[in-house]
Amino acid sequence: MKPNLHSKRLLQSLEDFVQRMHILNLADDPKLVSQLVIKWTKGQPLLTKSLLDLILDSSSKIVRGQEAIAVEKIVRNRLIKEFKQDNLTLAIRKLLYTKDLVRLLTKTGGKITSKEQTYLKRVQNELGLSQQQIKTISEQYLQSLHKLNIRNASTSSSIQKFNPNRDSSALGDSYQELILLVENSPIYEKLADTNTLSNNSNQRTFNLFKIVKFKSWWLLLIIPLLFLIIKRFSEQPETQTVSAIDVNLAETKCPELNLVQSSRMSLGDKLLTNNQKYNNLNPASKIALYQAIAAFSNCEYTLAQDKFEQALKINKNNPEARIYLNNIQAITQENLKIAVSVPLGSDPGVAWEILRGTAQAQTEINQRGGIQGKPLVVQIINDDNDPELVPQLAQQLVFDRSILAVVGHNDSNTSLAASSVYQKQGLVMISPTSSSTKLSDIGSYIMRTTPSVAILANTLSSYALVSSYNKIVVCADSRSSTSTSFAEEFIADINQNGGEIVAVECDFADQNFNPVPVVEQAIAQKAGALLLATSVNGIDQAISLAQANQNRLPLLGSHSLYTFETIKTGQAAVGEMVLSVPWLPEANSLANFTADATELWGGQVNWRTAMSYDATQAIIQGLKQAQSRNELQSVLTNPDFSVKGTTGVFRFQQGDRLGQVLLAYIGKSPQNSDRYQFLRLQINRNQ
């Protein structure tokens, strides 16, 4: 690249990006990918950072020859969605609309019917362009086309008007050439590498003309037209776009931030909760959050702190904002950093339950002066409970040597998929909610604060036998290791102690799951109870089964149903369903945990919050004796190491938490008879 075109910091960041692409094996030619990024963003700091993040976050390898297409897809499908109404991406969004317009007119021979109008309207909405902007683009195109037709007609009598019915066979070959043409257009060419990228551009243009000469002469009319349109776009003022020559990336002003973080990772520089239900409860809180994120990204920590505090005053129940506020107060001094990985995209409710525990532990330790004087910084990861995605995220966490441990993951399948990476690379993972028995055999860096599924299932099966539920229908989720493990342990214990499992097909993973025939078949076979051994992904199906039951059969549930979604259905819907759970508020032996949680969040918390709190507390206590990943693992696995948790003192044995399991049922709150909550159930409770 030209040495006077970009800041040294930008060039260094791109080199780091190329190195990480090599390490993660995400592209055959990472350097070309980085050059295409600059062409799209024109070196604008925030856009460049975001696009690099998104590419690193991609699960698909970019093969040689497909770089331009792959980068455009990420720009189109992800980057502009993050900045849909932002002037930073206005030129990019106009360029994309122009490309779609040209492709459409090319295929229709310049005709726009109601079908094409519907398509263009959808594109307009997707790109967030106003009607006036679309009108301007269309007028520029049509006026330029008209002028070109007149000029060409006067200079060449041999040129014939394009006939789409006659020449349609050639249209299919033009799509790829048009992509390459616009990607190498003058709007970004001044920021391209003059040696490598411009040569690639010239070669591609030559090849294009070679193809056009023999296949589609009419594309010659579109080529100068495109250049005219794009030139007009490049001349339009962009008041919010700052040249990379004048402003360095965030890494320059903020050495504590990492330029190439994944778009799924945040210290406070991006908002990961995008679900309307959880992120937009109050317009004023939403505005404050976005202002805080913007300030954090620009390293304006005082302003960011004020805005996060403002957002939390309006909605104190937001753990993501709480963690970011804590980070601001810690990030500019020597600190210790951990990560917490949760399904913010796929299940924000469960994710927030887990984040509350980590946020509460972080708040408490930092208010007490930190760990040996060093405050705790928490990086949030959005893993979507996706087993195919988490190994890549785990690799990125391993790559960041400042991260000393990971709280996560939520679902057992996700934890299992990531655990081999952590174990091999020596990074402690403590899952607060994964209970699959398979986790116990991964290795000494893998732990959990929730009891194993064997203990949870056996506690519930003992209750079933004591209650004389001798014939039981078992419903499970075949997609989930936790669910199937729970069902297997439950079935084995029931069979061993003289009970019977009734053969009724019931799989929450079935796309056509229908709860009504399950209940009817269970009643017909004189079953004494229904076991709902669901997973996080099958909670809705399990609740629908409970509602279809209409209190006809007693219900047994796995700990996955200990969630606020279940409580909302109320006792009338699910009856006296009994669950085996790792924690209950009134059974809490850490006297001030529940009270502090209620004050911090403005409401009740559940077992996921408690177990996440315990996982974070274990790491905090371990870091008081260790300053490295290996030292932390040695401390946590020491038989003499113990943690005062929310259900009493606990320790790890082969990664598993040793502790009690409780039984719970849904009943009316003792404090408010209009509300339901999970209450403790003694095993000898009369039915």
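Ser 468 counts as exposed, at 52% relative accessibility, where exposed means over 50% relative accessible area, buried under 20%, and partly exposed in between, with a 1.4 Å probe and protein chains only. Ser 468 has a positive phi of about 65 degrees although it is not a glycine, and it is found in the loop between helix 21 (453-466) and strand 7 (471-476); helices here are DSSP runs of H or I with at least four residues, strands are runs of E with at least two, and both are numbered from the N terminus.

Before I go on, this is a predicted model, in which local features need pLDDT of at least 70, side-chain atom pairs count only at pLDDT 80 or more, and totals for chains, interfaces and linings use all residues. Residues are numbered from 1 along each chain as its sequence is written, and side-chain values use heavy atoms, with hydrogens and water left out.

Gln 550, also not a glycine, has a positive phi of about 55 degrees, sits in the loop between helix 24 (539-549) and strand 10 (555-557), and counts as exposed at 57% relative accessibility. Most residues other than glycine have a negative phi, and most peptide bonds are trans. Gly 408 and His 409, however, are joined by a cis peptide bond with omega about 5 degrees.

Turning to the cysteines, the structure holds one disulfide, defined as a pair of cysteine sulfur atoms within 2.5 Å. Cys 475 and Cys 506 form it, with their sulfur atoms 2.1 Å apart, and both residues are buried.
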